[in-house]
Amino acid sequence: MVLQSATGLAYEIVQATWRTATLLVPVFLTSKISIYYLRESYDSLEEALSDSSREFVAVLALIGTLSVLTDMAVPRFKLIGDIIAVLYFGFLFWKF
């Protein structure tokens, strides 16, 4: 009984984190790419994208967990946000 409850809670947290990612990853990528092109402070776009990605993924997980615990609904981009988030997480999987 406890295992089923914990599994259900973990599934809800992952689902809420994914909804948060589809909303925030496009904004994060836009800001990182614009900083790369405007400031030219990084050697490569790959370095610019992976610079603060660990903290960003931790924040996504924290926001997803908080949205489940507070029963807050997170809006979601249907297809575009999903594609961008999958590509970003694929890049992180490839990089790390």
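Helices here are DSSP runs of H or I with at least four residues, numbered from the N terminus. Keep in mind that this is a predicted model: local features need pLDDT of at least 70 and side-chain atom pairs 80 or more, while totals for chains, interfaces and linings use all residues. Residues are numbered from 1 along each chain as its sequence is written, and side-chain values use heavy atoms, with hydrogens and water left out.

**Along α1**
- There's a bend of about 35° at L24, with the proline P26 following within four residues; the bend is the angle between axes fitted to the seven residues ending there and the seven starting there.
- Buried residues (under 20% relative accessible area, 1.4 Å probe, protein chains only) of α1 include A16, T20, V25, P26, F28 and Y36.
- Cover for the buried residues of α1 includes α2 (45-50), α3 (53-69) and α4 (80-95).
- Just past α1, E40 has a positive phi of about 55°.

- V68 sits in helix α3 and counts as buried because its relative accessible area is 12%.
- Setting aside neighbours within four places in sequence, V68 touches L9, E12, I13 and A16 (contact means heavy atoms within 4.5 Å).
- V68 and A16 are 52 residues apart along the chain, yet their C-alpha atoms are 6.7 Å apart.

**L79**
- L79 is in the loop between α3 and α4, and is exposed (over 50%) because its relative accessibility is 58%.

Note on methods: Helix = DSSP H or I, 4+ residues; strand = E, 2+ residues; numbered from the N terminus.
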